[in-house]
Amino acid sequence: MEKKTYLVTGGTGFIGTNFIIYMLTNYKDINIINLDALTYAANLENLKEVEKDSRYKFVKANLCNIKEIEDVFKENEIDYVVNLGSGSSVLKSIKDPSNFIMSNIKSVVNLLTVSKKAWEKEKGKFKKGVRFLQVSTNEVYGCLKDYEYSLETSALKPNNPYAASKASTDLIVKAYYESFNMPVNIIRCSNNYGPYQFLEKLIPLIIFKAINFKKVFVYGSGKYVRDWLYVKDHCRAIDLVLKKGKPGEVYNVGGHNEKFNIDVVKTIIKILRETVNEKISEDLITHIEDVRGCGERYALNSDKIKKDLGWEPQVKFEEGIKKTVDWYVKNREWILNANFKNKFKI
Ligand SMILES: NC(=O)c1ccc[n+]([C@@H]2O[C@H](COP(=O)([O-])OP(=O)(O)OC[C@H]3O[C@@H](n4cnc5c(N)ncnc54)[C@H](O)[C@@H]3O)[C@@H](O)[C@H]2O)c1
């Protein structure tokens, strides 16, 4: 069978790193090109273990610069585009909405433009041409009441600039299917957790603070609800949608693990107390003022991907969080190195 080439954008970030390692571990006969601008959230050290693998190549490029994307497509025959390269922090998007939104939208438009050209060139040949997968978020659906679950057909009601930029790009990606019949898919996933996540996000931050006996900040009462998806389960879903997803379709990918933020924090502290130091306690928890726009509850109905493609999450939160805490505890050096330029105040 022909060797397929994957262009993974944002491959040096959290999900990208896990996806690249997952693919290279599970498939012998593939090539992966990691296109990443190396923003503050990226860490080249993540991929040290595959750096010398002949199937892997890193290209430093910014999706906002179309010429840099064109160069990658000129030099390589791409079969699959997995677009993970974007700003991913809600708080950053609230601090600097204009740059955040412009950059996320421009990135997708540029990548689609170049992918479409490559797809048109190849679709007449025996190859079917480039398949494009946009990784989006459950935040595009906006906040839900206790009993509600977003379906792929639910209205998009983003309530912060990050979510608005993702909702906008979902619509743009969908337009490339409707107008040109280009084979695109969109995954809308819930909160991922697992190894290699940058310290600004809830789970690694809580672990780092607690093992260093620093105050653990929780917004408001901690009663915001998030659904947690173990990153490896997400990698399986991306792989499956690329190969079997029906062109033009959106797939929700949820973890079936809804938790109050405060319960996530308490669970982490309990695991650390039992495995690292018995003095780590809930006394470290400090409640601070809520940030407007963060959203009280997001939750997905993922029946479609289960029914159509047979995907279900395999990792329960109780198991995934133990593995995750264990990974960060064993990789304290990684945490400090990832943050070595004082990129994030801890
Ligand atoms: N982490 C989650 O829980 C989650 C949940 C839902 C959706 N997503 C989506 O998944 C994708 C990946 O998320 P993540 O958590 O791995 O993010 P991340 O912040 O860890 O990594 C993003 C990567 O993209 C790169 N990047 C950013 N802008 C770029 C640009 N203009 N050109 C090239 N590279 C650029 C960064 O350098 C970084 O390596 C994002 O699109 C995010 O919206 C993430």
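Author: A residue is near a molecule or strand if its C-beta atom, placed from the backbone, lies within 6 Å of it. The shell around the ligand has 30 residues, of which Gly10, Gly13, Ala41, Ala42 and Gly85 come nearest. The model is a predicted one, in which local features need pLDDT of at least 70 and side-chain atom pairs count only at pLDDT 80 or more, while totals for chains, interfaces and linings use all residues. Residues are numbered from 1 along each chain as its sequence is written.

Reader: What makes residues of the shell around the ligand nonpolar, polar or charged?

Author: Ala, Val, Leu, Ile, Met, Phe, Trp, Tyr, Cys and Pro count as nonpolar, Asp, Glu, Lys and Arg as charged, and the others, Gly among them, as polar. By that list the shell has twelve nonpolar, 16 polar and two charged residues.

Reader: Which helix supplies the largest share of the shell?

Author: Helix 1 does, with three residues. Helices (H or I, at least four residues) and strands (E, at least two) are DSSP runs, numbered from the N terminus. The chain has eleven helices and twelve strands. Helix 4 (97-123), strand 5 and strand 7 (191-193) also each supply at least two residues of the shell.

Reader: How do you know whether the radius of gyration agrees with a compact globule?

Author: The radius is taken over C-alpha atoms, and the globule rule is 2.2 Å times the number of residues to the power 0.38. For 346 residues the rule gives a value near 20 Å, and the chain has 20 Å, so the two agree.

Reader: Why are strands 1 and 2 said to pair?

Author: Two strands pair if DSSP finds at least two bridges between them. Strand 1 (residues 4-9) and strand 2 (residues 30-36) have six bridges and run parallel, so they qualify. Valine 8 stands opposite asparagine 34 in strand 2.

Reader: What makes strands 3 and 10 edge strands?

Author: Seven strands form an open, parallel sheet in the order 3-2-1-4-5-6-10. Strand 3 (56-60) and strand 10 (250-253) each have a single partner strand, so one side of each lacks a neighbour in the sheet.

Reader: Why is strand 9 called largely enclosed?

Author: A residue is buried if 20 or more other C-beta atoms lie within 10 Å of its own, exposed if 12 or fewer, and partly exposed in between; C-beta atoms are placed from the backbone. Five of the six residues of strand 9 (residues 225-230) are buried, so the rest of the structure largely encloses this strand. Across the chain, 45% of the 346 residues count as buried. Strand 9 is joined to strand 7 by three bridges in the parallel sense, and to strand 11 (residues 258-260) by three bridges in the antiparallel sense.

Reader: Is tyrosine 196 buried or exposed, and how do you know?

Author: Tyrosine 196 has 23 other C-beta atoms within 10 Å, so it is buried. This residue lies in the loop between strand 7 and helix 6 (202-211). Most residues other than glycine have a negative phi.

Reader: What makes histidine 256 partly exposed?

Author: Histidine 256 has 16 C-beta neighbours inside 10 Å, so its count falls between the cut-offs for exposed and buried. Histidine 256 lies in the loop between strand 10 and strand 11, and has a positive phi of about 55° although it is not a glycine.
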